[in-house]
Amino acid sequence: MTDLDQILEGEERLDVLMARQPIYSKSQDIVAFELLFRGQSGEDLSAIKDEEATFDVVVNTYANIVADGGKKFLPCYLKVTDEVLLAGTLPELPPALFSLEILGRSSISPEFVSKVREFAAKGYRIVLADYNPDDPKFEPLLNVIHVIKLDIQLLGLGALPGIIQKLRPYQLDLLADKVETKEEFRQCLEMGFSLYQGYFLSRPEPVKGKKISGSKIILLQLLAELNNEQATGASLEQIAINDAALTYKILRVVNSAAFAVPKEIGSLSHAITLLGMEQIRRWIMLFLTTAADGRPNELTRTMLVRGRMCELLAEINGYPNGMNYFIVGLLSQLDAMLDIEMAELMTEVPLSGEIKNALLHYTGTLGDVLSDVEHYERGQFEELSRGIDRAFYEVAYRHSLKWADQVMSALLN
């Protein structure tokens, strides 16, 4: 049985597609996840209300991360329609792990407000999405909810101070939604938002004249040597010894629980003898995705999930050279990590033209798979290609979340 067969056999198949989007604090730590799902009945929660296994998966995989040296559980924001709330079909969910997100399109009747108040009294945090400050229908909810989402793209940054002033008496946690750039994050921070959602961490903020740091240059030199057919453990070690701290870090991670090895590895050449060039290339890539101080951050987590999921989807599709798909997914946000434009990075990174074109232009099967993974993580399930069973997407995503946690644990310790 191949590794892929073991993964597909070992993970329970669900009838829904699920992804998660992080919600950040002021310090850019993840404090919650918004749960995105699609069942046969669309986004109606009733599609999964009888699936006990689904909620086990949510609690055991989607609601936890590795951070600060250990695992921790975070609450999930779960979108609920007024139909589900009023019909009483919402499953019994632990309030500590689930916040209920009510939608702006809801018909906010006195009965609806009363039902929301009931759930708040049970200990659920209530989140209001799609708030429109000009629509008086939202007024009765403002004394009941805990968190209010403000779509900064729809409302406009210029209008936010007035809206925030209007909401101040209600003492709500303000969540800035659809924060797309680091500059938007800074502006919202100054306005007093406490929570943030969007892709601002995934966008580069190019600094003119910025160069790749010294340790990253060593990693790129190692990567170039790994692409040399005459490369040996000794030739790689000659490059690595120029950064003793980096060499130590690589060996520490390779010896960690994230990669089972039969005995302690004491040198890079020894590691190559035991693991082979392909696995060493994988670890060099992983270190390229850590922040400037060598510590993994939340962007690292996304890059790890993307890399592993791209590799798995390639295997499920029967595409050769799975490592190339891993590389494309992993490095797809290297521009954001280093704050250097991707086109400029591609002139310095020793990769094949096929990989570079996939990263720059989404070309070929490499680009197709990367595009699929990006659609999945954004909850754009209708955009997924139809080449494979849709249930495999969720299995691949869930496995990739777990794999990324393993690697994050190794990088943090």
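## Around Leu351

Let's start with Leu351. Leaving aside residues up to four places away in sequence, Leu351 touches Leu223, Met285, Ile327, Leu331, Met346, Lys356 and Leu359, where contact means heavy atoms within 4.5 Å. Keep in mind that this is a predicted model, in which local features need pLDDT of at least 70 and side-chain atom pairs count only at pLDDT 80 or more, while totals for chains, interfaces and linings use all residues. Residues are numbered from 1 along each chain as its sequence is written, and side-chain values use heavy atoms, with hydrogens and water left out.

## The nonpolar cores

Leu351 also turns up in the largest nonpolar core, which has 140 residues. A core here is a set of buried Ala, Val, Leu, Ile, Met, Phe, Trp, Tyr and Cys residues joined through side-chain atoms within 4.5 Å. Buried means under 20% relative accessible area, exposed means over 50%, and partly exposed is in between (1.4 Å probe, protein chains only). Within this core, Ile102, Ile148, Phe193, Leu351 and Tyr376 touch the most other members. Helix H19 (residues 390-412) supplies the largest share, twelve residues. Helices are DSSP runs of H or I with at least four residues, numbered from the N terminus.

There is a second, separate core too: it has seven residues, among them Ile23, Tyr77, Val147 and Leu195.

## How H8 meets H12

Now for a pair of helices. The axes of helix H8 (residues 214-226) and H12 come within 10 Å and cross at roughly 155°. That angle makes H8 roughly antiparallel to H12, a label for angles over 145 degrees. The axes are lines fitted to C-alpha atoms over the stretch in contact, and angles run from 0 to 180 degrees between N-to-C directions.

Which residues make the contact? On the H8 side they are Lys216, Leu219, Leu220, Leu222, Leu223 and Leu226. On the H12 side they are Met277, Ile280, Arg281, Ile284, Met285, Phe287 and Leu288. Two of these names, Leu223 and Met285, are also touched by Leu351.

Gly276 is partly exposed, at 22% relative accessibility. Gly233 is 43 residues away from Gly276 in sequence, yet their C-alpha atoms are 9.4 Å apart in space.

## Salt bridges

The model has 21 salt bridges, each one a side-chain nitrogen of Lys or Arg within 4 Å of a carboxyl oxygen of Asp or Glu.

Lys182 and Asp339 make another bridge, with their closest N and O atoms 3.1 Å apart. This one links distant parts of the chain, 157 residues apart: Lys182 is in helix H7 (residues 182-191), and Asp339 is in the loop between helix H15 (334-338) and helix H16 (342-346). Both residues are buried.

The bridge between Lys115 and Glu118 spans 3.7 Å, N to O. These two are three residues apart in helix H4 (residues 110-121), so about one helical turn separates them. Lys115 is partly exposed at 22%, and Glu118 is partly exposed at 40%. Finally, salt bridges with shared partners join Glu34, Lys79, Glu101 and Lys149 into one network.

Methods. Parallel < 35°, antiparallel > 145°, perpendicular 65-115°, else oblique.
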